[in-house]
Amino acid sequence: MLKTALITDRHYLEHAPGRGHPERPERVKVLLDMAAGLDRAGLARIAPREATVAEIELCHEPRYVSLVRQTATRDSYDFDPDTHASRATYHTSLLAAGGVLTAVEAVLGGEADNGFALVRPPGHHALPDRAMGFCFFNNVAIAARYLTEVKGLGRVMILDWDVHHGNGTQDIFYDSPRVLYCSLHQFPHYPGTGSAREIGDGEGRGYTVNLPMPATFGDAEYLAAFDRVIMPIGQQFRPDFILVSAGFDCHFRDPLADMRVTEAGFAAMARRLKRLAAECCGGRMALTLEGGYDLGALASSVRQVIEELGCEADERIDSAPADRIGWLLDKVCNELAPFWKLEGEKIESRK
């Protein structure tokens, strides 16, 4: 049985983006209720810390951080038509980024084998100088920079299975060979980025991997993408730590998208990443909550992933035929062929 650090806090309820907004406090409320009923052995419940301003500025420009700080003096502030701050947003956002850092620190320090930070607001759309898509600070990007710049790790892999492309995370690491960013997302869909041709720039070419999937793809297609693209590239990259932007809005019941992933599909993706982490970095992996807007689907899916995180990595094969995705995987492999070996039995880097 593996030990999982579970990071969450009632203070995540305080950010108020406005009545009727899909990124509502109840998202964390249902997860707090779900987590209270978990009796899984090896579950370490840890309170989050706030990220420092210096940690936020690992990814965000000081002038932008100052702007977000100023929202704490106003009842409301609109960054764009979807992204609204309240008086509590700045400190809740510091706690969200700090919650992911808390999970990372628990894993690095040996308190846990892996971790899951159930935080809000989410982060993967946040750009260095701009809030967007319900996001203010890029929680997963800050954790990746913390691992490479503060803790001195050589390579970090970010896997983003949120239904929306993590344009902010991609932008921050687009020219970096130290952070491998892989995203599976509905396309075309908000925010409009994440085509297969977006593979990085300069020294970072080949270290951005996008799988832009049409609506109605589900478990079989996601797992086929893992088995043919994500896992082989991860095995060649050999990360020192794996971070996951775990959005649950690709669930078949989610109101903001049109994908067909089930609770079993989320668990199967986590199982593969857990196996990759065991092979490459001593099992070191941390997940952070991104999207997921059907409350029941969110709670049941997160529960399945937490249960999976507690199981030892194994060789269970649970893929299914996925004929509909073959054309897309061919396209992605063609774009990445100069950088990674994605066909045949022998896995070797072409870098």
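**Entry 1: the loop with Pro188**

I started with Pro188, which I found in the loop between E7 and E8. I am working on a predicted model, so everything I note here is computed from that prediction. The peptide bond that leads from Phe187 into Pro188 is cis, and its omega is near 0°. I then looked for a second case and found one: the bond from Arg120 to Pro121 is also cis, again with omega near 0°. Pro121 belongs to the loop between strand E5 (114-117) and H5. I reminded myself that most peptide bonds are trans.

**Entry 2: positive phi**

While in the loop between E5 and H5, I stopped at Phe134. Its phi is near 75°, a positive value in a residue other than glycine. Is Phe134 buried or exposed? Phe134 is buried, with a relative accessible area of 14%.

I located Thr216 in the loop between E8 and H7. Thr216 counts as partly exposed because its relative accessibility is 33%, and that term covers values between 20% and 50%.

In what order do the eight strands of the open sheet come? I read the order as E2-E1-E5-E10-E9-E6-E7-E8, with parallel pairing. The edges are strand E2 (43-46) and strand E8 (208-213), each of which pairs on one side only. From one strand to the next, the twist averages 15°.

I zoomed in on one pair. Strand E6 (residues 156-160) and strand E7 (residues 179-186) run parallel and are joined by five bridges. To pick out one of these residues, I followed Met157, whose bridge partner in E7 is Leu180.

Then I asked which strands helix H5 (residues 139-150) lies across. I found that H5 lies across E6, E7, strand E9 (241-246) and strand E10 (285-289). Relative to E9, H5 runs at about 170°.

E3 and E4 form a hairpin, with two residues between them. Tyr77 has Ala85 of E4 as its bridge partner.

Both of those residues came up again when I checked Thr71, in the loop between helix H3 (62-70) and E3. Leaving out residues up to four places away in sequence, Thr71 touches Tyr77, Phe79, Ala85, Ser86, Arg87 and Tyr90. Thr71 is buried, with a relative accessible area of 1%.

I turned to helix H1 (residues 26-36) and helix H9 (residues 295-309). Their axes come within 9 Å and cross at roughly 45°. That angle makes H1 oblique to H9. The crossing of H1 and H9 is right-handed. On the H1 side, I listed Glu26, Arg27, Val30, Leu31 and Met34 as the residues that make the contact. On the H9 side, the contact is made by Leu295, Leu298, Ala299, Val302, Arg303 and Ile306.

**Entry 3: Glu221**

I was curious about Glu221, which has its place in helix H7 (residues 219-237). Glu221 counts as buried because its relative accessible area is 8%, and the cut-off is under 20%. Which residues does Glu221 touch, not counting those up to four places away in sequence? The answer is Ala322, Arg324 and Ile325.

**Entry 4: cysteines**

Last, I searched for disulfides. A disulfide is a covalent bond between the sulfur atoms of two cysteines. How many disulfides does the structure hold? I found zero. Cys59 is in no disulfide, and the nearest cysteine sulfur, that of Cys135, is 13 Å away. Cys59 is also buried, with a relative accessible area of 6%.

How values were computed: Residues are numbered from 1 along each chain as its sequence is written. This is a predicted model: local features need pLDDT of at least 70, side-chain atom pairs count only at pLDDT 80 or more; totals for chains, interfaces and linings use all residues. Side-chain values use heavy atoms; hydrogens and water are left out. Two strands pair if DSSP finds at least two bridges between them. Helices (H or I, at least four residues) and strands (E, at least two) are DSSP runs, numbered from the N terminus. Axes are lines fitted to C-alpha atoms, for helices over the stretch in contact, and angles run from 0 to 180 degrees between N-to-C directions. Contact means heavy atoms within 4.5 Å. A disulfide is a pair of cysteine sulfur atoms within 2.5 Å. Buried means under 20% relative accessible area, exposed over 50%, partly exposed in between (1.4 Å probe, protein chains only). Angles under 35 degrees count as roughly parallel, over 145 as roughly antiparallel, 65 to 115 as roughly perpendicular and the rest as oblique. A crossing is left-handed if the near helix is turned anticlockwise from the far one by less than a right angle, and right-handed if clockwise.
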